[in-house]
Each structure stands twice: as structure tokens, then as C-alpha cells.
Amino acid sequence: IDDKEFDIPQVDTPPTLESILNETDDEEESFVLEDPFLLNIDNTDTHSYDTSSVASSDSGDRTHLKRKKKLQDSLSLHGSVIRLSLLKGISAQIVSAADKVDAGLPTAIAASNLIAVGTSHGLALIFDQNQALRLCLGSTAVGAQYGAISALSINNDCSRLLCGFAKGQITMWDLASGKLLRSITDAHPPGTAILHIKFTDDPTLAICNDSGGSVFELSFKRVMGVRTCESRCLFSGSKGEVCCIEPLHAKVELREHPITQYSLLAMASLTKILVIGLKPSLKVWMTFPYGRMDPSSVPLLAWHFVAVQNSVNPMLAFCRGDVVHFLLVKRDDTGAIHVTKQRQLHLHYDLINFTWINSRTAVLLDSVEKLHVIDRQTQEELETIEISEVQLVYNSSHFKSLATGGNVSEALALVGEKACYQSISSCGGQIFYLGTKSVHVMTLRSWRERVDHLLKQERLTDALALAWSFHEGKAKAVVGLSGDTSKRKAVIADRMVEVLLHYADRTLKKCPDQGKIQVMEQHFQDVVPVIVDYCLLLQRTDLLFNQIYDKMSENSVAKGIFLECLEPYILSDKLMGITAQVMKDLLLHFQDKNRLENLEACIVHMDITSLDIQQVVQLCWENHLYDAMIYVYNSGMNDFISPMEKLFKVIAPPLNAGKSLTDDQVVMGNKLLVYISCCLAGRAYPLGDIPEDLVPLVKNQVFEFLIRLHSAEGSVDEEVYPYICTLLHFDTREFLNVLALTFEDFKNDKQAVEYQQRIVDILLKVMVENSDFTPSQVGCLFTFLARQLAKPNNTLFVNRTLFDQASTPLSGVLEFLCSPDDDSRHSERQQV
């Protein structure tokens, strides 16, 4: 069994297939039109048997308990997939016909553009799309002679109706005029009931199956104005009784499909399935024995065209008991037909009906009258609902052929106990169920209706999750979405926006009244992240920061929670830009809550264009958020120098006055060193990289700044090279380390080599001519120089005359370099 082959490709399906698979688009003929009022279905969901009843419906069934958990999960995932509605008009008239014209109870149904209901007294009631009774065919007198109607079939263009009777007769009616066209009494052996009668796609050809288990082909002809019917036996009941037949029908757009020329027919006997072609000549294409089964389970057959590996072919579902076999039928180039087995579906219940509702979704009815909606590809159960309320009609009496004296085999009579072949009929994406006093119709809810259904139950997060699964093309049993992907996404996104706005309103309305602040906060903490998530998924930050934020701002607790909820999104870079107003409120809120570290962490992740830069710089400076301040200058204004000037202004005065620094000033000094090191290495501070085109510019600016002779507003007696002096006083060794690392980077940059020489000259000048530095500090400088001069490609030049004018006695420096107490950097000091 080839799983790969079974999976319908999701993409690159040619548009012709798309139109075939999106059956919702070609349902203009369907019985329930888009406007629910056309078919007077009560749309108040009273008959929608909501999913809530699922858990309670099955008492005492242990298997049910095992699967309840899984079911609930899929319900929350898919919402309610199906809607079951009572057709009130038809139901009322069936009951009244039983009273007024002695029609008897309903026994069979066939649905097309019209609906035909057969009764136990031999009448056929024909209803139109508005549930109006159009025709009442036959009479109770005929019924007394022929028995109940046991099977019905309407042809493709809805012009003819075939009725099969419990005593074996067949009638054909003209559905336009209500005239009887044929009474056929000799098509099959007398004394057997008609179990099935089915038109093929050829209006002159029908198939019937009787309670002797035989199958006959009926050809309708007109010879010189006389209507005749020729019958030929396709399968004799003596070879094993057939109890289910299904001709392959092709929709209009598939009538040209090469396989249609064979007029395929599937038949299921009590031991095997056969697929035969009626044209051009009778031929058996496949037999498939299906092994031992529970003899009371009902064989079922259902055809549907599906797309597998980019081509559309018929698939036959065959079920008996709790297994569904999928058989893919293909025609090869030579004209031969091949049947390949696909993945089987194993169920935990016994089936009595299988109906395709579209190529991806099937609706199964089990022996305890529960409907199961199954996604064919994933085999996932999407929804289960109880339909015992329908009081489904069973065809048991015809299988036992009671009208003709019950002369049938035990095996067939046993299968007949649960047979409901004639009580369920599908057409255009709808399934009709015939009850003893009613007709119900089941349709898949459209995607929009499924979302609305969850909204009605106030399950807003589920509604959003479901809508998103439609948006991403991951949902199952999708109805009502057509057009290309972008168009579909746009339609769904619009609906999601409406839901989000409704969600925000409802959250504010449902807010627990001013009681415990924690309770109110929790209420909003549950909701706001959901709204933010979906706004980001839909890429609608405009919606988030305008309409939704405006709504939330009406409640101070909601506003605070909204602002706090943004933090994780900002830190994970999911949310870069924020409007100026929200940013302003965010700053004030975090300030009030005294969560300044969090605020700083947020700022350095933001797209600065949305910020009021002056306001942020002011706030950062006042609250010592130096990282954020540097980030705003760098990213917001491409200004790498102002932050250095600001930090220097704080640490320079006390250093120059020889005072010791406060803890806060030490932190600033260290930040300054790290910041300079980042700028010179091309890294952004505190994280990331400087844009490549800016790197050389920033390096040059920082060097130029460091080697300034005087600061901008320096006093008259300010020392020369104030910035280099300050850094050397702050931490000689670390500053020289920063320079050493930077020089590592300069291999062959001419400009950089010049800066290198310039800085070395300044260092020597400042430290050697200045008595403020201790011998150990000068020793650090010499160590630094030794490392630079020892490099193989060294270009630095050290001016010796400087040493003669040194204000720090060289003896002190030598003493430091030769100090026996200090083990560090031994070889380096030796080199110096």
C-alpha cells in the first residue's frame, strides 16, 4: 500500500483539478443554496445537535470513554464541522400524506435537484428546492398490487424517476409532466424485491439488484413510439448474493474523463467486490475477496473522483464492518484499467453507511446512529454527532423480501437487519437522511460559519485558532473558500480582524468589576497575548497599536497589562516598531512600576524611528540607563560621539581632581571602555553589528575624538589630550588593552597605521611628561609598547629623546618592571 501515492499534492495542482476538488464552487445546483431561506431550513441551530451532546450520548460503552479525550481535542481544533437541519416543509408533508391520502410510512429517498420520497403504500412524493410538494406519483391501488416502494433513482438531468417495488416491479416516471412512462414487470425473476435501482450516466441504462442477490442491466428503448425495456443478467445470485451496487457517476466537468467511456459498476456480494465495465462490452476489471467478516455487517460502496499525484481519478471506498478499503481506479495508455489499494481506514465502530461529501471528507454512520466526519488523507475524525433523533428508516423488510413471502437466504436477511441503503442520499455536498416522520439534511458548515459557531459559544481563542488554520491552509473539511491563495488569505484575514476587535470589546465588557486588582490583571493577561499574537501573525501592528490599543486604554488595568505584554515580543525581536504614543506610554508605565532594567532591555531591541528621541535620551540619562541611551544615539541618529562626551563629563572632573569615583561612576567608566572597544571593532553596542557602510566612518570618528587636544568646553588650565588622560587615569591597563585589541585588527589599513603611530606618540607624551602617573602605570605603557614593537611587521617608531625628558624617574619604572613580587607577564616585562 503506497502511502505516498495516497497523499493528494497540496500545490501545483492544475486549475482544472482545483475546480473539481473545490466542490463548493460548483454547487449551484445543490439543494441548500447559500441563502438558507431558500430551503426553509430552520437556521437557529436548534437541530444542529451540538457537539456538546457527544460525551453524554454514549453511556456504558467502554470504548467510548477511551476515545472521548481524543474527540474533545479534535473538536476544539476543528470547531463544529457539520450542520444537521430538519427539512420542516418536507417532513410535515410526509406526515400529512400518510393521514390524508393513506400514503403510508416513508421507505426510500433519492435526492437531486428534486427530492423523491417513496412510501410503504407505493406512492412517490416529489418535492422541489423550496420543499414544496410538486408531484404525487402512483396510487395506493398500485401499491396494494406492487407493495411498498423499496428503491428510487433520479437520472442526471432530473427528467426521469425509477421506482422499484417490494414485490419486484419497476416503474419509470416523467418528472416534468408526472406521466407514467413504463411499468416493467419482467426484468428479473418473480418473487424477489428490488433492493437497489440506479440510473447510470447514460439515461437509457439503469442497473437493478434484487433480493435473490442478482444484478440486471436495464436498457430503455423506443421502437416506433413504443417504450420498451430490455434486461440482461450481469451477475447471478447463485454465484454469491450481491447486496450493494454503485455505478460510477461523473459530474458535468468530468464527463470527458477517459474512464467514463467504460460505464463502470461496482458490486459487493457477501464475500467479494467486483468492478465491471458495461461498455463497450461487458468486462470484469477487478475482483477483490475481502475475507471473513461479521456476517451481520453491511457491505457499502461509494465512488468519488479524487486528485492523486496531479491526476484526477475515481476512488472507490468499500466498507464492511469496521474497515474501509480505498481503491484507486486508473486507466493506462493501452486502455486497460488498474485498481490499486490505498491506505485502509480502521475504525472502532461498525459502519452502516459511508458517504463522500467531497474528495477529502467522508461522513460515516455507525450502527449506534452516530455520524463521524473523517478527513480522508489524515484519517482524522473531525466531529461526531448523534442522529438517533432522525429515527432513520431501515430497509430490513425488503432484504427479507417479506412482501413476497420471505424467500431469501439467511445471510441476506442478516445483512438486512442494519441496511439503510435507501434512507440516505447525497447530492452536491449534502446528505439527506430519511426518518420515519421526517427528512433531515446534513451539510458541511462553511469556514465562516464554523468560526461564527465558536463565537456564538464565546470560544474566541478557538475561533481565532480555527480561522488561522484556514488562513494557513491547514484546516480540514474546508467549504466556501475559492480563488487563489492570496485572495483566500485576504478574506480570512478580514474576518480575523473583525473577531479581534470583537474580542477586545468583549474582554473589556467582561472585565470582573473593581475588586481584587490581581483578578482584573489575570483577566487581561489571559487575553492580551492572544490578540498580540494574531495581530503579529497577520502583520497588522497598525490594528494593534491603533484601534485595539485605543480600546484597551479606556481601562487603566487593561492598558498596563497591554504594555507589559509587549515586553517578551520586543525582547524576542518579534515586535520592532511601536507608535510614538504607545512608546511614550510604555516608558511612563515602566517608570511608574520601577522596572527600569526591563525598559532598558526593551529599548535596545527597538526600531528607534518610532521613538521620541529627546524624550528617551532624557529618561535614560535621568535613570542611569546608559546602554539604552547609547543605543538611541547610535541607532536613532547615527551619532557615536555624543554618548562618549556625556559619559566623559561625569567621570573626568573627579578623576582630574584626584578624587575616588563612586560606584555609579565606575560603572559608567567601564561602559565607556567597552563602548569604545565596540566602536573600534565595528560592533554595535550593546548587541549586534554596526551597519557595514558605517564601520570605517565610526572608527575614524572615535579615533579623532580620542586624540582631540582639548574638549569642547574645556577650561583654560585643562591638560592637553583630556580624553586619553581621563581613560589612562580611570584604568590604565584596560584602556591599553582596548588599544592593543584594536591594533590587532589593523593589518594593512594605511589610515589606521597613522592613527596607531599618533596614539602611541600621545601616550608617551602624556604619561612620560606627566608626574601624575605612578611607575606601575608607566610600566603598563612600556609593556604595551613592547608588545607592539615585538610584532614581526611592526611599523611603530618610539622617540627616544622622550625618555631623557621623562618626569617619572626611569629608575622607578625599571624597578616596577623588575619587581620580584609580581609574577604576571614575566616574559613581556623581560622584553621591555
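## Close-up views of a predicted model

**View 1. Helix α16 and its buried face.** In helix α16 (residues 596-603), the residues L596, L599, E600, C602 and I603 are buried, where buried means under 20% relative accessible area, exposed over 50% and partly exposed in between, with a 1.4 Å probe and protein chains only. Seen down the axis of α16, these buried residues fall within an arc of 160 degrees, so they line one face of the helix; the arc is that of the directions from the helix axis to the C-beta atoms. The buried residues of α16 pack against α14 (556-571), α15 (580-592), α17 (613-622) and α18 (626-637), contact being defined as heavy atoms within 4.5 Å. Helices (H or I, at least four residues) and strands (E, at least two) are DSSP runs, numbered from the N terminus.

This is a predicted model, in which local features need pLDDT of at least 70 and side-chain atom pairs count only at pLDDT 80 or more, whereas totals for chains, interfaces and linings use all residues. Residues are numbered from 1 along each chain as its sequence is written, and side-chain values use heavy atoms, with hydrogens and water left out.

**View 2. The largest nonpolar core and the surroundings of L763.** The largest nonpolar core has 135 residues, and those with the most contacts inside it are I531, I548, L566, I603 and L763; such a core is a set of buried Ala, Val, Leu, Ile, Met, Phe, Trp, Tyr and Cys residues joined through side-chain atoms within 4.5 Å. Helix α22 (residues 722-745) contributes the largest share of this core, 12 residues. Leaving aside neighbours within four places in sequence, L763 is in contact with I724, L728, F735, L736, L739, V768, L781 and F784. Apart from this core lies another, of 75 residues, among them A317, C319, I374 and L412.

**View 3. M644 in helix α19.** M644 is found in helix α19 (residues 642-656) and, at 0% relative accessibility, counts as buried. Not counting residues up to four places away in sequence, M644 touches L672, Y675, I676, V702 and F705. M644 and Y723 are 79 residues apart in sequence and 9.6 Å apart in space, C-alpha to C-alpha.

View 4. Strands β28 (residues 430-434) and β29 (residues 439-444) pair in the antiparallel sense over 5 bridges, and Y433 stands opposite H440 in β29.

View 5. H523 is found in helix α12 (residues 517-537) and is buried, with a relative accessible area of 19%. Its contacts, leaving aside neighbours within four places in sequence, are T507, K510, C511 and P512. S219 lies in strand β12 (residues 215-223) and is likewise buried, with a relative accessible area of 14%.

Conventions: Pairing = 2+ DSSP bridges.
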